[in-house]
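Hi,

Here is the structure I promised to pass on. Have a look at it first, and then read my notes below.

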Amino acid sequence: MAENSPQDDYTLVEHLTELRDRLIRSIIAVTVLSVIAWNYKEFFFDIVRAPIEPYLDGDGLKFLAPAEKFMGYLKVAILSGVIMATPIWVYQFWKFVSPGLYQKEKKFGLYFIFFGSTLFLTGVTFVYMVVYPLAYKFLFSVGDPSDKPMITINEYISFFTTTTLIFGLAFELPLVLTILGIMGIVNATLLRLLRRYALIVICIASAIITPPDVMSMFLLVLPLYGLYELSIILVDMFGHKPEEM
């Protein structure tokens, strides 16, 4: 047995209360930073619009209802708030799971926050810098070039927001599996045995959440499977060994 056991005397109500408190603090942080982002909404909206702008022939995005443009700016401000608040909500997640860890494992807190934030921002950067440009280049090259797109603010911003957040969260895979390994829920041997099933799940998930083309799917499958292999190494390094269970 390890010298210091986790505190397992939390009741279900206490766990739920702790989860609620951590969520509220995260929401407050995101709200504050979203309000700040709203003051620079044109700047952030230009960033969001940039990947698709070359394919709009100078016409810009369209809106079909009076409030659509306002809601588009609001979604962009909230997305910006979520991204800027990354270290805060990662910290809140760590504080929620840390009571289930051994005392010697709680020293990884700073590493958790740093790598959790880095992985999320890497996923966001990857989809913005790599996936969107390649996906739009492919999608807009299909068919007769005389066909002109009519893309609305609501459709584009909703797609951009959802896909960006999904990629960011997907890149958290090594962090989640490592925490599960530290808690003794999974181990490196199990993850190795589940390799082929993990690849199938990653392919299915990638096909669902990426733009509707094979290129975008593989652009998510490849890094995710690489992150899964990295997870095996990290779980082997930091997870519970049999003698510690």
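How many aromatic pairs does the structure hold? There are 18 of them, in what is, please keep in mind, a predicted model. In general, an α-helix has 3.6 residues a turn, so residues three or four places apart point the same way. Tyr132 and Tyr136 are both buried.

The pair also belongs to a cluster: ring pairs link Tyr132 and Tyr136 with Tyr55, Tyr128, Phe140, Tyr156, Phe159 and Phe160.

That brings me to helix H6, residues 153-170. Its 18 residues reach 25 Å from the first C-alpha to the last, close to the 26 Å expected at 1.5 Å a residue. Tyr156 and Phe160 are among the buried residues of H6, as are Ile153, Ile157 and Phe167. What do the buried residues of H6 pack against? Their partners are helices H2, H3, H5, H7, H9 and H10.

Helix H4 is worth a look too. Buried residues in H4 include Trp89, Trp94 and Val97.

One last thing to check on screen: Lys41 lies over the face of Trp38, 4.8 Å from the ring centre.

Cheers

Note on methods. Residues numbered from 1 in each chain as written. Predicted model: local features only at pLDDT ≥ 70, side-chain atom pairs only at ≥ 80, totals over all residues. Heavy atoms only, no water. Buried < 20%, exposed > 50% of the residue type's maximum accessible area, 1.4 Å probe, protein only. Helix = DSSP H or I, 4+ residues; strand = E, 2+ residues; numbered from the N terminus. Expected span 1.5 Å × (residues − 1). Contact = heavy atoms within 4.5 Å. Phe/Tyr/Trp six-rings, centres within 6.5 Å; stacked < 30°, edge-to-face > 60°. Lys NZ or Arg CZ within 6 Å of the ring centre and 35° of its normal.
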